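User: I would like to learn how to read the main features of a protein model. Please take me through one, term by term.

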Amino acid sequence: MNAKASSGGEEEASGMRSETLGESSRLGEAKRRQVILVAYLIATLDLTFLFMQFGVMPYLAKSLGLDSVGFGYLQTMFGVLQLVGGPIFGRFADQFGTRAALILSCACASAFFLLMSISTSTPLLFLSRLPAVFMHGLPGAQKVITDMTTPSQRADALGKMGLCFGIGIIVGSALGGVLSTKFGIFVPTYVGLVGNLINTVIAAVWIPSQAKPKSEHGVTEHSTSPSGSVFSIREILRLMKFPGVMEIFIVKVFSGLPIGLFMIMFSIISMDFFGLEAVEAGYLMSYFGVLQMVVQGLVVGKLANHCTERTLLRLSVFVFAGVGLGMALMRTVWHYCLVAVPLVFAFSMLGTITDSILTKAVPSSDTGTMLGICASVQPLTRTVGPTIGGILYKRFGVSSFGYLQLIVNIGLFVYLLKSKIPLRETKSQ
(Lines give C-alpha, C1' and ligand atoms only; values in the text may rest on other atoms or scores of the structure.)
Protein backbone atom coordinates (compact mmCIF):
# COMPACT_ATOMS: atom_id res chain seq x y z
CA MET A 1 0.00 0.00 0.00
CA ASN A 2 2.90 2.28 0.84
CA ALA A 3 4.44 1.36 -2.50
CA LYS A 4 1.22 2.36 -4.29
CA ALA A 5 1.09 5.64 -2.39
CA SER A 6 4.73 6.27 -3.21
CA SER A 7 4.13 5.47 -6.87
CA GLY A 8 1.11 7.74 -6.96
CA GLY A 9 3.09 10.53 -5.34
CA GLU A 10 5.89 10.15 -7.89
CA GLU A 11 3.40 10.28 -10.77
CA GLU A 12 1.77 13.38 -9.32
CA ALA A 13 5.17 15.04 -8.83
CA SER A 14 6.17 14.06 -12.36
CA GLY A 15 2.95 15.56 -13.71
CA MET A 16 3.55 18.77 -11.81
CA ARG A 17 7.11 19.00 -13.15
CA SER A 18 5.90 18.46 -16.72
CA GLU A 19 3.23 21.12 -16.27
CA THR A 20 5.81 23.53 -14.83
CA LEU A 21 8.24 22.84 -17.67
CA GLY A 22 5.46 23.37 -20.24
CA GLU A 23 4.50 26.67 -18.66
CA SER A 24 8.15 27.73 -18.52
CA SER A 25 8.53 26.83 -22.21
CA ARG A 26 5.45 28.89 -23.12
CA LEU A 27 6.75 31.83 -21.11
CA GLY A 28 10.14 31.46 -22.83
CA GLU A 29 8.51 31.44 -26.26
CA ALA A 30 6.42 34.53 -25.38
CA LYS A 31 9.55 36.33 -24.16
CA ARG A 32 11.43 35.38 -27.33
CA ARG A 33 8.66 36.77 -29.56
CA GLN A 34 8.51 39.94 -27.50
CA VAL A 35 12.26 40.50 -27.89
CA ILE A 36 12.04 39.92 -31.66
CA LEU A 37 9.18 42.46 -31.96
CA VAL A 38 11.24 44.99 -29.99
CA ALA A 39 14.16 44.37 -32.38
CA TYR A 40 11.86 45.11 -35.33
CA LEU A 41 10.72 48.32 -33.61
CA ILE A 42 14.30 49.47 -32.97
CA ALA A 43 15.24 48.77 -36.60
CA THR A 44 12.16 50.64 -37.90
CA LEU A 45 12.90 53.74 -35.82
CA ASP A 46 16.60 53.63 -36.69
CA LEU A 47 15.92 53.39 -40.44
CA THR A 48 13.23 56.09 -40.29
CA PHE A 49 15.62 58.61 -38.73
CA LEU A 50 18.42 57.54 -41.09
CA PHE A 51 16.35 58.10 -44.25
CA MET A 52 15.05 61.34 -42.75
CA GLN A 53 18.59 62.71 -42.58
CA PHE A 54 19.41 61.37 -46.06
CA GLY A 55 16.63 63.57 -47.44
CA VAL A 56 17.65 66.65 -45.45
CA MET A 57 21.44 66.40 -45.80
CA PRO A 58 21.78 67.78 -49.38
CA TYR A 59 19.84 70.93 -48.42
CA LEU A 60 21.76 71.37 -45.17
CA ALA A 61 25.06 71.00 -47.02
CA LYS A 62 23.95 73.50 -49.67
CA SER A 63 22.87 76.02 -47.01
CA LEU A 64 26.41 75.87 -45.58
CA GLY A 65 27.94 76.58 -48.99
CA LEU A 66 29.07 73.05 -49.85
CA ASP A 67 29.19 72.35 -53.60
CA SER A 68 28.51 69.01 -55.31
CA VAL A 69 32.15 67.90 -55.03
CA GLY A 70 32.24 68.70 -51.32
CA PHE A 71 28.94 66.89 -50.81
CA GLY A 72 30.44 63.87 -52.57
CA TYR A 73 33.34 63.91 -50.10
CA LEU A 74 30.83 64.10 -47.24
CA GLN A 75 28.95 61.05 -48.52
CA THR A 76 32.17 59.15 -49.15
CA MET A 77 33.31 59.85 -45.60
CA PHE A 78 30.03 58.44 -44.28
CA GLY A 79 30.43 55.31 -46.43
CA VAL A 80 34.04 54.70 -45.38
CA LEU A 81 33.20 55.06 -41.68
CA GLN A 82 30.32 52.58 -41.99
CA LEU A 83 32.51 50.22 -44.02
CA VAL A 84 35.24 50.21 -41.36
CA GLY A 85 32.86 50.12 -38.40
CA GLY A 86 30.57 47.27 -39.53
CA PRO A 87 32.81 44.27 -38.72
CA ILE A 88 34.12 45.95 -35.54
CA PHE A 89 30.54 46.59 -34.36
CA GLY A 90 29.65 42.95 -35.06
CA ARG A 91 32.64 41.70 -33.09
CA PHE A 92 31.70 44.06 -30.23
CA ALA A 93 28.22 42.46 -30.21
CA ASP A 94 29.75 38.98 -30.04
CA GLN A 95 32.00 39.89 -27.11
CA PHE A 96 29.80 42.20 -25.04
CA GLY A 97 26.26 41.14 -25.98
CA THR A 98 23.55 42.41 -28.29
CA ARG A 99 22.06 44.85 -25.79
CA ALA A 100 25.39 46.63 -25.30
CA ALA A 101 25.86 46.78 -29.09
CA LEU A 102 22.40 48.26 -29.72
CA ILE A 103 22.89 50.82 -26.93
CA LEU A 104 26.22 51.78 -28.54
CA SER A 105 24.56 52.13 -31.96
CA CYS A 106 21.65 54.24 -30.66
CA ALA A 107 23.95 56.41 -28.52
CA CYS A 108 26.20 57.06 -31.54
CA ALA A 109 23.13 57.93 -33.62
CA SER A 110 22.08 60.41 -30.90
CA ALA A 111 25.56 62.00 -31.04
CA PHE A 112 25.31 62.04 -34.84
CA PHE A 113 22.06 64.04 -34.80
CA LEU A 114 23.28 66.26 -31.96
CA LEU A 115 26.34 67.29 -33.97
CA MET A 116 24.16 67.78 -37.07
CA SER A 117 21.84 70.07 -35.09
CA ILE A 118 24.73 72.41 -34.21
CA SER A 119 26.43 72.23 -37.64
CA THR A 120 26.64 75.90 -38.49
CA SER A 121 29.81 75.44 -40.57
CA THR A 122 31.28 72.93 -43.01
CA PRO A 123 33.90 71.53 -40.56
CA LEU A 124 31.16 70.81 -38.00
CA LEU A 125 29.11 69.06 -40.68
CA PHE A 126 32.04 66.78 -41.50
CA LEU A 127 32.63 66.24 -37.77
CA SER A 128 29.01 65.07 -37.40
CA ARG A 129 29.81 62.08 -39.64
CA LEU A 130 32.27 60.54 -37.14
CA PRO A 131 29.71 58.74 -34.91
CA ALA A 132 28.51 56.89 -38.05
CA VAL A 133 31.36 54.41 -37.51
CA PHE A 134 29.21 52.57 -34.93
CA MET A 135 25.72 53.45 -36.22
CA HIS A 136 24.58 49.92 -37.12
CA GLY A 137 21.05 49.57 -35.78
CA LEU A 138 19.93 47.24 -38.58
CA PRO A 139 22.77 44.69 -38.13
CA GLY A 140 22.21 44.94 -34.36
CA ALA A 141 18.53 44.04 -34.79
CA GLN A 142 19.48 41.24 -37.21
CA LYS A 143 21.86 39.93 -34.55
CA VAL A 144 18.99 39.76 -32.03
CA ILE A 145 16.80 37.88 -34.53
CA THR A 146 19.63 35.52 -35.46
CA ASP A 147 20.22 34.67 -31.79
CA MET A 148 16.52 34.23 -30.97
CA THR A 149 15.54 31.99 -33.92
CA THR A 150 16.40 28.47 -35.00
CA PRO A 151 18.25 28.01 -38.32
CA SER A 152 15.02 26.85 -40.01
CA GLN A 153 13.18 30.03 -38.88
CA ARG A 154 15.99 32.47 -39.65
CA ALA A 155 15.37 33.33 -43.32
CA ASP A 156 11.68 34.03 -42.67
CA ALA A 157 12.43 36.19 -39.61
CA LEU A 158 15.18 38.13 -41.37
CA GLY A 159 12.92 38.56 -44.40
CA LYS A 160 10.35 40.39 -42.29
CA MET A 161 13.02 43.01 -41.65
CA GLY A 162 12.05 44.29 -45.09
CA LEU A 163 8.86 45.71 -43.56
CA CYS A 164 11.04 47.81 -41.27
CA PHE A 165 13.12 48.95 -44.23
CA GLY A 166 10.06 49.88 -46.29
CA ILE A 167 8.49 51.84 -43.44
CA GLY A 168 11.80 53.61 -42.86
CA ILE A 169 12.05 54.70 -46.51
CA ILE A 170 8.45 55.94 -46.76
CA VAL A 171 8.02 57.57 -43.35
CA GLY A 172 11.59 58.85 -43.04
CA SER A 173 11.69 60.50 -46.47
CA ALA A 174 8.25 62.09 -46.03
CA LEU A 175 8.89 63.19 -42.44
CA GLY A 176 12.21 64.81 -43.33
CA GLY A 177 10.63 66.79 -46.18
CA VAL A 178 7.61 67.96 -44.17
CA LEU A 179 9.58 68.96 -41.06
CA SER A 180 12.32 70.80 -42.96
CA THR A 181 9.84 72.64 -45.20
CA LYS A 182 7.37 73.72 -42.51
CA PHE A 183 9.58 74.20 -39.46
CA GLY A 184 13.16 74.66 -40.66
CA ILE A 185 16.14 72.66 -41.89
CA PHE A 186 17.38 71.75 -38.39
CA VAL A 187 14.07 70.46 -36.98
CA PRO A 188 14.53 66.92 -38.43
CA THR A 189 17.87 66.72 -36.59
CA TYR A 190 16.12 67.52 -33.29
CA VAL A 191 13.54 64.83 -33.97
CA GLY A 192 16.30 62.36 -34.85
CA LEU A 193 18.15 63.20 -31.63
CA VAL A 194 15.11 62.67 -29.39
CA GLY A 195 14.04 59.57 -31.31
CA ASN A 196 17.42 57.89 -30.96
CA LEU A 197 17.55 58.68 -27.25
CA ILE A 198 14.18 56.89 -26.95
CA ASN A 199 15.61 54.01 -29.00
CA THR A 200 18.54 53.81 -26.57
CA VAL A 201 16.13 53.44 -23.63
CA ILE A 202 14.10 50.78 -25.47
CA ALA A 203 17.26 48.76 -26.15
CA ALA A 204 18.43 49.08 -22.54
CA VAL A 205 15.08 48.02 -21.06
CA TRP A 206 13.70 45.40 -23.46
CA ILE A 207 16.71 43.68 -25.05
CA PRO A 208 18.35 40.97 -22.88
CA SER A 209 22.06 41.37 -22.17
CA GLN A 210 22.74 38.09 -23.97
CA ALA A 211 20.12 37.02 -26.53
CA LYS A 212 21.68 33.66 -27.37
CA PRO A 213 19.98 30.64 -25.84
CA LYS A 214 22.00 29.16 -22.98
CA SER A 215 22.62 25.98 -24.93
CA GLU A 216 24.64 27.94 -27.45
CA HIS A 217 26.93 29.56 -24.92
CA GLY A 218 28.99 26.44 -24.68
CA VAL A 219 30.08 26.52 -28.32
CA THR A 220 33.82 26.91 -28.23
CA GLU A 221 35.05 25.32 -31.42
CA HIS A 222 36.54 28.03 -33.65
CA SER A 223 34.57 30.60 -31.66
CA THR A 224 35.60 34.17 -31.01
CA SER A 225 38.41 34.38 -28.52
CA PRO A 226 37.27 36.38 -25.49
CA SER A 227 40.80 37.72 -25.05
CA GLY A 228 41.05 38.89 -28.65
CA SER A 229 40.68 42.59 -29.35
CA VAL A 230 37.45 43.91 -30.77
CA PHE A 231 39.60 45.60 -33.42
CA SER A 232 41.46 42.38 -34.40
CA ILE A 233 41.46 42.21 -38.20
CA ARG A 234 42.83 38.66 -38.06
CA GLU A 235 39.88 37.45 -35.99
CA ILE A 236 37.43 39.15 -38.36
CA LEU A 237 39.01 37.73 -41.53
CA ARG A 238 39.23 34.26 -39.90
CA LEU A 239 35.51 33.77 -40.58
CA MET A 240 36.15 33.79 -44.33
CA LYS A 241 37.98 30.45 -43.94
CA PHE A 242 34.86 28.54 -42.91
CA PRO A 243 33.45 26.24 -45.65
CA GLY A 244 31.32 28.14 -48.16
CA VAL A 245 31.67 31.57 -46.52
CA MET A 246 34.04 33.17 -49.04
CA GLU A 247 32.07 31.83 -52.03
CA ILE A 248 28.70 33.07 -50.74
CA PHE A 249 30.16 36.43 -49.72
CA ILE A 250 31.59 36.94 -53.23
CA VAL A 251 28.14 36.22 -54.71
CA LYS A 252 26.59 38.66 -52.22
CA VAL A 253 29.02 41.46 -53.15
CA PHE A 254 29.14 41.14 -56.93
CA SER A 255 25.59 40.06 -57.79
CA GLY A 256 24.08 43.36 -56.70
CA LEU A 257 27.08 45.63 -57.36
CA PRO A 258 25.96 46.98 -60.78
CA ILE A 259 22.49 47.74 -59.36
CA GLY A 260 24.16 49.41 -56.39
CA LEU A 261 26.18 51.62 -58.75
CA PHE A 262 22.97 52.53 -60.59
CA MET A 263 21.21 53.46 -57.33
CA ILE A 264 24.16 55.63 -56.28
CA MET A 265 23.75 57.59 -59.52
CA PHE A 266 19.94 57.53 -59.44
CA SER A 267 19.48 61.14 -58.31
CA ILE A 268 21.32 62.29 -61.45
CA ILE A 269 19.75 59.63 -63.72
CA SER A 270 16.24 60.55 -62.53
CA MET A 271 16.81 64.16 -63.63
CA ASP A 272 18.86 63.66 -66.80
CA PHE A 273 17.54 60.38 -68.23
CA PHE A 274 13.97 60.17 -66.91
CA GLY A 275 13.38 63.95 -66.62
CA LEU A 276 11.80 63.74 -63.17
CA GLU A 277 11.23 66.61 -60.79
CA ALA A 278 12.19 66.31 -57.10
CA VAL A 279 8.60 65.56 -56.09
CA GLU A 280 8.23 62.84 -58.73
CA ALA A 281 11.53 61.27 -57.64
CA GLY A 282 10.15 61.22 -54.09
CA TYR A 283 7.04 59.37 -55.29
CA LEU A 284 9.29 56.83 -57.02
CA MET A 285 11.21 56.25 -53.77
CA SER A 286 7.89 55.70 -51.97
CA TYR A 287 6.95 53.16 -54.65
CA PHE A 288 10.21 51.35 -53.94
CA GLY A 289 9.43 51.41 -50.23
CA VAL A 290 6.03 49.80 -50.76
CA LEU A 291 7.55 47.13 -53.03
CA GLN A 292 10.21 46.43 -50.42
CA MET A 293 7.58 45.96 -47.70
CA VAL A 294 5.42 43.64 -49.80
CA VAL A 295 8.19 41.53 -51.31
CA GLN A 296 10.53 41.14 -48.36
CA GLY A 297 7.87 41.16 -45.68
CA LEU A 298 5.49 38.68 -47.34
CA VAL A 299 6.94 36.91 -50.38
CA VAL A 300 10.48 36.11 -49.19
CA GLY A 301 9.33 34.45 -45.98
CA LYS A 302 6.80 32.20 -47.74
CA LEU A 303 9.35 31.06 -50.31
CA ALA A 304 11.90 30.43 -47.55
CA ASN A 305 9.41 28.06 -45.92
CA HIS A 306 9.01 25.93 -49.06
CA CYS A 307 12.36 26.06 -50.89
CA THR A 308 15.94 25.33 -49.94
CA GLU A 309 18.34 28.23 -49.59
CA ARG A 310 20.49 26.91 -52.43
CA THR A 311 17.47 27.06 -54.76
CA LEU A 312 16.53 30.57 -53.63
CA LEU A 313 20.12 31.77 -54.03
CA ARG A 314 20.21 30.55 -57.63
CA LEU A 315 16.76 32.00 -58.28
CA SER A 316 17.73 35.46 -57.03
CA VAL A 317 20.89 35.53 -59.18
CA PHE A 318 18.92 34.35 -62.24
CA VAL A 319 16.27 37.06 -61.70
CA PHE A 320 19.05 39.62 -61.25
CA ALA A 321 20.37 38.66 -64.70
CA GLY A 322 16.89 39.26 -66.15
CA VAL A 323 16.76 42.62 -64.39
CA GLY A 324 20.01 43.53 -66.09
CA LEU A 325 18.52 42.81 -69.51
CA GLY A 326 15.44 44.89 -68.64
CA MET A 327 17.58 47.82 -67.50
CA ALA A 328 19.66 47.67 -70.67
CA LEU A 329 16.50 47.99 -72.78
CA MET A 330 14.47 50.48 -70.68
CA ARG A 331 13.83 53.94 -72.07
CA THR A 332 11.18 55.56 -69.85
CA VAL A 333 10.38 55.80 -66.16
CA TRP A 334 7.41 53.47 -66.74
CA HIS A 335 9.79 50.80 -68.01
CA TYR A 336 11.81 51.30 -64.84
CA CYS A 337 8.71 50.89 -62.68
CA LEU A 338 8.12 47.49 -64.32
CA VAL A 339 11.77 46.45 -63.91
CA ALA A 340 11.63 47.55 -60.27
CA VAL A 341 9.37 44.62 -59.29
CA PRO A 342 11.85 41.81 -60.12
CA LEU A 343 14.70 44.10 -59.04
CA VAL A 344 13.31 44.50 -55.52
CA PHE A 345 12.48 40.78 -55.37
CA ALA A 346 16.02 39.71 -56.34
CA PHE A 347 17.67 42.33 -54.13
CA SER A 348 15.57 41.39 -51.09
CA MET A 349 15.88 37.64 -51.63
CA LEU A 350 19.63 37.74 -52.17
CA GLY A 351 20.25 39.86 -49.07
CA THR A 352 18.05 37.75 -46.81
CA ILE A 353 19.24 34.35 -48.03
CA THR A 354 22.95 35.19 -48.03
CA ASP A 355 22.70 36.65 -44.50
CA SER A 356 20.92 33.50 -43.35
CA ILE A 357 23.45 31.17 -45.03
CA LEU A 358 26.48 33.05 -43.72
CA THR A 359 25.26 33.20 -40.11
CA LYS A 360 24.66 29.43 -40.19
CA ALA A 361 28.12 28.78 -41.65
CA VAL A 362 29.97 30.23 -38.62
CA PRO A 363 29.75 29.39 -34.89
CA SER A 364 26.92 31.06 -32.98
CA SER A 365 29.51 33.08 -31.05
CA ASP A 366 30.59 34.75 -34.31
CA THR A 367 27.23 35.63 -35.88
CA GLY A 368 27.53 39.30 -34.89
CA THR A 369 30.89 39.65 -36.63
CA MET A 370 29.50 37.88 -39.70
CA LEU A 371 26.48 40.21 -39.83
CA GLY A 372 28.85 43.17 -39.44
CA ILE A 373 30.84 41.98 -42.44
CA CYS A 374 27.61 41.57 -44.42
CA ALA A 375 26.53 45.08 -43.40
CA SER A 376 29.75 46.47 -44.91
CA VAL A 377 28.69 45.53 -48.45
CA GLN A 378 26.42 48.56 -48.94
CA PRO A 379 28.94 51.07 -47.46
CA LEU A 380 31.55 49.56 -49.81
CA THR A 381 29.23 50.26 -52.75
CA ARG A 382 28.58 53.81 -51.50
CA THR A 383 32.34 54.37 -51.22
CA VAL A 384 33.39 53.23 -54.71
CA GLY A 385 30.02 53.89 -56.34
CA PRO A 386 30.27 57.61 -57.15
CA THR A 387 33.55 57.18 -59.02
CA ILE A 388 32.80 53.95 -60.93
CA GLY A 389 29.12 54.82 -61.48
CA GLY A 390 30.02 58.29 -62.74
CA ILE A 391 32.45 56.87 -65.30
CA LEU A 392 29.95 54.27 -66.54
CA TYR A 393 27.14 56.80 -66.86
CA LYS A 394 29.23 59.49 -68.53
CA ARG A 395 30.99 57.25 -71.06
CA PHE A 396 28.48 54.48 -71.79
CA GLY A 397 25.06 55.70 -70.63
CA VAL A 398 22.34 54.16 -68.47
CA SER A 399 22.24 50.91 -70.46
CA SER A 400 25.81 50.09 -69.33
CA PHE A 401 24.54 49.36 -65.80
CA GLY A 402 22.06 46.85 -67.23
CA TYR A 403 24.58 45.07 -69.47
CA LEU A 404 27.08 44.85 -66.59
CA GLN A 405 24.35 43.45 -64.33
CA LEU A 406 23.42 40.86 -66.97
CA ILE A 407 27.00 39.70 -67.63
CA VAL A 408 28.01 39.49 -63.96
CA ASN A 409 24.93 37.52 -62.90
CA ILE A 410 25.03 35.09 -65.82
CA GLY A 411 28.58 34.29 -64.77
CA LEU A 412 27.56 33.87 -61.12
CA PHE A 413 24.55 31.72 -62.05
CA VAL A 414 26.72 29.33 -64.07
CA TYR A 415 29.18 29.22 -61.16
CA LEU A 416 26.41 28.37 -58.67
CA LEU A 417 25.10 25.60 -60.95
CA LYS A 418 28.49 23.94 -61.41
CA SER A 419 30.03 24.46 -57.96
CA LYS A 420 29.15 22.45 -54.87
CA ILE A 421 29.26 25.09 -52.14
CA PRO A 422 28.67 23.45 -48.75
CA LEU A 423 25.46 24.81 -47.24
CA ARG A 424 23.55 23.87 -44.11
CA GLU A 425 20.25 23.28 -45.89
CA THR A 426 17.15 23.95 -43.76
CA LYS A 427 13.50 24.70 -44.47
CA SER A 428 10.85 25.87 -42.08
CA GLN A 429 8.14 23.32 -41.53
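Analyst: Start with burial. Buried means under 20% relative accessible area, exposed over 50%, and partly exposed in between, with a 1.4 Å probe and protein chains only. Here 50% of the 429 residues of the protein count as buried. The model is predicted: local features need pLDDT of at least 70 and side-chain atom pairs pLDDT 80 or more, while totals for chains, interfaces and linings use all residues. Residues are numbered from 1 along each chain as its sequence is written, and side-chain values use heavy atoms, with hydrogens and water left out.

User: How many helices and strands does the protein have?

Analyst: Helices (H or I, at least four residues) and strands (E, at least two) are DSSP runs, numbered from the N terminus. The protein has 18 helices and zero strands. Helix 18, for example, covers residues 399-418 and contains Val414. Val414 is partly exposed, at 37% relative accessibility.

User: What share of the contacts joins residues at least 24 apart?

Analyst: A contact means heavy atoms within 4.5 Å. Among contacts between residues at least 6 apart in sequence, the share that joins residues at least 24 apart is 86%.

User: Where is His136 found, and is His136 buried or exposed?

Analyst: His136 is in the loop between helix 4 (122-127) and helix 5 (137-148). Its relative accessibility is 3%, so His136 counts as buried. Leaving aside residues up to four places away in sequence, His136 touches Gln82, Gly85, Gly86, Phe89 and Ser105.

User: Which backbone atoms does the side chain of His136 reach?

Analyst: A polar contact is a pair of N or O atoms within 3.5 Å; within protein, one must be able to donate a hydrogen and the other to accept it, and residues adjacent in sequence count only if both atoms are side-chain atoms. The side chain of His136 reaches the backbone nitrogen of Gly86 at 3.4 Å and the backbone oxygen of Val133 at 3.1 Å.
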